[in-house]
Amino acid sequence: MSKIPTVDGIPVSLIPASEPSKERKTLETAKDAIDPTPSRFSLRLSASWWRSLQYVGLSLHFLAPPRPPNPSFTKTIPSTLSKTKGEFTAQFYTPKGYEEAKKSGKTFPAVVNFHGGGFTIGNATDDARFARFVLETCNAVFVSVDYRLAPEYPFPAAVDDAADSILYLIRSAKELCIDPHKLATCGFSAGANLAITSTLRLTDHLKTTIAPVPPHKVRAVATWYPITDYTLSRAERRETSVRPDQTLPDNITSLFDASYLYPPELRLSHPWLSPSKASDEQLAEGIPPHVIFYTCEWDMLLREGEELAKRLGRAPIGKDVRYKMIPEVPHGWDKSPDPLKPAAGAEELYRECCETLKGIFEE
């Protein structure tokens, strides 16, 4: 297993371990988490630099055999839920027989994926290695979303785009050869947060919209090492990690948080931001019936992920939760920029996740 922390394929320097604090401080607003607040201009410059570095890291990651698939086609999706109007794109990876299905009317399940990168860096093609297992194991369409990134588009633009992408698939299911009753969301890191919060956002929208939405079913969410509770400080997360020296360093997490958590008065307990703070009723109603949940032992996000997974499986929420903690790996270990081989254990877990999704689709 890789023992070097990475941010979506970029190796990062280690941080020293620190003594755990005795008292937990709950953060209420973005200003509590980010003080002083950097200028939006400086954040854009930093984000641009990290995006370039991330591109190099993922290029190395993709060189390892077997090479991941390329998208079959791209769709541009207009924003309908966000107050900040615009558009975003989605990359479609299609299984064998997809072209013939256009003539026969056959439909496929669809997995809607959201990439990682702290809502600040990353691209829809970053999870192409996972896409291969969705295509081959689930015989499903893999739809990876290029949601709009912070700091240019802070919260809730990413959540709005994520929910919009699901709505788009529901409304366009026939022309895309997708079965709208066999949908699942998936994501890694920040995208894992979106895999969860997009379903909460969509549920809230469906309660208030007067526009007709075709019948559909989001059956599952597969979430890989998500951030789930922004009311926890990064310092506390590091302190409670079993390997603080293996967690992401402050310069990166500060960039991510300052970019996404805006404006300063933003409430960090908002359920579309911190699903751990959603009520039991919101989670019972908004989360799909099946939850596949992975955490990493050396990740600063381990505890909050584990707690949410356990909560989702208990009454009164009562979801079907398949939870696994991956031992002795840091956050994002599966995106290791090794051009010779995939990260140890990643493909086995990808296959396990997709076999579970296949069973759910076949129910």
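Which side chain makes a polar contact with the side chain of Asp229? Hold that thought. A word of caution comes before the answer: this is a predicted model.

Now the answer. The partner is Thr231, and the two side chains meet at 2.6 Å. Where is Asp229? Look in the loop that runs between β8 (218-224) and α7 (234-240). Is Asp229 buried or exposed? Its relative accessibility is 6%, and buried means under 20%, so Asp229 counts as buried. To sum up this site: Asp229 is a loop residue, it is buried, and its side chain has a polar contact with Thr231.

Let's step back to the whole chain. Its secondary structure consists of 11 helices and 10 strands. The C-alpha trace spans about 60 × 50 × 45 Å along the principal axes. What about the radius of gyration? For 363 residues, a compact globule would come out near 21 Å. This chain has 19 Å, which agrees.

Next, the inside. Of the 363 residues, 58% count as buried. Residues 24 or more positions apart make up 82% of them.

The accessible surface is about 15100 Å². Carbon and sulfur atoms hold 53% of that surface.

Charges, quickly. How many positive and negative side chains does the chain have? There are 43 positive and 45 negative ones. The centres of the two sets are 3 Å apart.

Start with α4, residues 128-138. This helix is mostly covered, with 10 of its 11 residues buried. Among the buried ones are Phe130, Phe133, Val134 and Leu135. Arg129 and Arg132 are on the buried list too. What follows α4? Asn139 does, and its phi is positive, near 50°.

Technical notes
Residues are numbered from 1 along each chain as its sequence is written. This is a predicted model: local features need pLDDT of at least 70, side-chain atom pairs count only at pLDDT 80 or more; totals for chains, interfaces and linings use all residues. Side-chain values use heavy atoms; hydrogens and water are left out. Helices (H or I, at least four residues) and strands (E, at least two) are DSSP runs, numbered from the N terminus. Buried means under 20% relative accessible area, exposed over 50%, partly exposed in between (1.4 Å probe, protein chains only). A polar contact is a pair of N or O atoms within 3.5 Å; within protein, one must be able to donate a hydrogen and the other to accept it, and residues adjacent in sequence count only if both atoms are side-chain atoms. The radius of gyration is taken over C-alpha atoms; the globule rule is 2.2 Å times the number of residues to the power 0.38. Contact means heavy atoms within 4.5 Å. Accessible areas come from the Shrake-Rupley method with a 1.4 Å probe; for residues, only the protein chains shown count as cover. Lys and Arg count as positive and Asp and Glu as negative; His and the chain ends are not counted. The place of a charge is taken as NZ of Lys, CZ of Arg, CG of Asp or CD of Glu.
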